[in-house]
Amino acid sequence: MDRKAKAVVCREWGQPIQVETITVEGPKRDEITIKIGACGVCHSDQSATTGKIPYPAPLVLGHEAAGVVIEVGEGVTAFKEGDHVVSSFISMCGKCRQCVRGRPVLCENARKAMFTLPDGTVRTKGADGEDLNVFGACGVMAEYATMHVDNCVKVDDTIPMQNAALVGCAMMTGVGAVFNTAKVEPGSRTAVFGIGGVGLNAIQGCVTAGAEMIVAVDNNEKKLAMAREFGATHTVNISEVEDGARAVKKLTGGVDYAFECVGAGPVVEQAYKCLGRGGTAVVVGVSDPKDKTSITTLTLPADERVLKGSWLGSARPQYDFPRILGLYKAGKLKLDELVTRTYHIDDAPQAFDDMLAGKNARGVIIFE
Ligand code: NAD
Ligand code: ZN
């Protein structure tokens, strides 16, 4: 059935976001409709409003949500009404070469589900009946969302929605970059550039992995204080030093793993520069499509360095979302502390402003 839903929509790149009442159609084959309980505000949502992430407008934002299944489409067997689910902005078909080799974030069919559902259509309509695209095949910054089952993961229903939501992006991305992409070993020396929702999770991933040193790098003192609460052993305020990479190297002698959680070529360069011999720089931040970086080529072979990317923490969402929430329940990962402020959907513009001003670890929109 069709449902009216308040939703956060980008109507045009560069213009302020709008809270609108949209229509969310019921599920077709292999789809489910979810009543959203909570949705985190990620920097990637903001990047989609400027064209840095070039999803075409009009676009319903949101890709980090938890909710309850209220309607299932034909052929759905893995979900039933009442199940709690978390959105995955990666659509994983489970059958292509990448999925079967255990790399669902690289699913060959995922490109069909970037800003529509996998069949190229949407279930979201504006007031004039026009199609509204959906961020990452999700569009979950809304009271309801209809998604393909390949974008949904069933989770423990005892975990509060505002917490469970964050495993859909910030937590999976940050912790997964450490566990899955880098595979940090105990005793490693690490650095994290950019202490937002993603970077804080990279820090706590390093703590859980047993890193010896964790250097947090940001230009915001408040973020550096949060980093220490999450387990950073050292902090570098880049606005107070001439060269961030040199400062990290001075503290550590060169790190084994550096995580770039900002999304800018010059920061990627810094993350690569602060490596020690045999070090790996992991790029997590999403840069502008025209952004470039430069590295000293010789250090790649001579130091056996690695420069690699990480998408949704190299997740296998059906395995990793429950695994990470399990670590939270076991007291080994912080999650309550990540949600520094909750917002009503009408206050979504404030939530975006606060994210840009660096006020929150994560701001989360909650729905009744
Ligand atoms: P955020 O806005 O919450 O945090 C970014 C942090 O970077 C802020 O604390 C800011 O002060 C800091 N910063 C800005 N410029 C800096 C600089 N030059 N050096 C050091 N720190 C600097 O953002 P977020 O939601 O944590 O997202 C971080 C990045 O990760 C974004 O680019 C986002 O699009 C990307 N992202 C990637 C994935 C993925 O799958 N790879 C998933 C989610 C988000
Ligand atoms: Zn995100």
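1. Let's start with lysine 183, which is exposed in this predicted model. Its relative accessible area is 55%, and the cut-off for calling a residue exposed is over 50%. Lysine 183 sits in the loop between H4 and S11. Have a look at its backbone too: phi is positive, about 55 degrees, although lysine 183 is not a glycine. Most residues other than glycine have a negative phi.

2. Serine 188 is found in the loop between H4 and strand S11 (189–193). Is serine 188 buried or exposed? With a relative accessible area of 2%, serine 188 is buried, since the cut-off for that word is under 20%. Its side chain reaches the backbone oxygen of glutamate 185 at 2.6 Å. For a sense of distance across the model, the C-alpha atoms of serine 188 and isoleucine 90 are separated by 30 Å, and the two residues are 98 apart along the chain.

3. Aspartate 30 is another residue with a positive phi, near 65 degrees, and it is not a glycine. You will find aspartate 30 in the loop between strand S2 (18–24) and S3. At 26% relative accessibility, aspartate 30 counts as partly exposed, because that value lies between the cut-offs of 20% and 50%.

4. While you are looking at the backbone, please check the bond that joins alanine 57 and proline 58. This peptide bond is cis, with omega at about -5 degrees. Proline 58 has its place in the loop between H1 and strand S4 (59–60). Most peptide bonds are trans.

5. Next comes the metal. Which residues coordinate the zinc ion (ligand 2)? They are Cys42 through SG, His63 through NE2 and Cys169 through SG, at 2.0 to 2.3 Å. In sequence, these donor residues follow the spacing C-x20-H-x105-C. Cysteine 42 lies in the loop between strand S3 (31–40) and H1, while cysteine 169 lies in the loop between helix H3 (161–164) and helix H4 (170–182), so the pair ties together parts that are 127 residues apart in sequence. Both cysteine 42 and cysteine 169 are buried.

6. Now to ligand 1, which has 28 residues around it. The closest are His43, Ser44, Asp218, Leu312 and Arg362. By class, this shell holds 15 nonpolar, 10 polar and 3 charged residues. Domain 1 (3–168 + 334–366) and domain 2 (171–311) each give at least three residues to the shell.

7. A polar backbone atom of leucine 312 is 2.7 Å from an oxygen atom of the ligand. For glycine 197, a polar backbone atom is 3.1 Å from an oxygen atom of ligand 1. Asparagine 219 takes part through its side chain, with a polar atom 3.2 Å from an oxygen atom of ligand 1. How much of ligand 1 does the protein cover? On its own, ligand 1 has 880 Å² of accessible area, and the protein covers 88% of that. The elements that give two or more residues to the shell around ligand 1 are helix H1 (43–50), helix H5 (197–208) and strand S12 (213–218).

Technical notes
Residues numbered from 1 in each chain as written. Chains lettered and ligands numbered in written order. Predicted model: local features only at pLDDT ≥ 70, side-chain atom pairs only at ≥ 80, totals over all residues. Heavy atoms only, no water. Near = heavy atom within 4 Å. Polar contact = N/O pair within 3.5 Å; in protein donor to acceptor, adjacent residues only side chain to side chain. Areas by Shrake-Rupley, 256 points an atom, 1.4 Å probe, with all protein chains shown as cover. Helix = DSSP H or I, 4+ residues; strand = E, 2+ residues; numbered from the N terminus. Nonpolar A, V, L, I, M, F, W, Y, C, P; charged D, E, K, R; others polar. Domains from an automatic or database assignment. Donors = N, O, S within 2.8 Å, 3.2 Å for Na, K, Ca; no water. Buried < 20%, exposed > 50% of the residue type's maximum accessible area, 1.4 Å probe, protein only.
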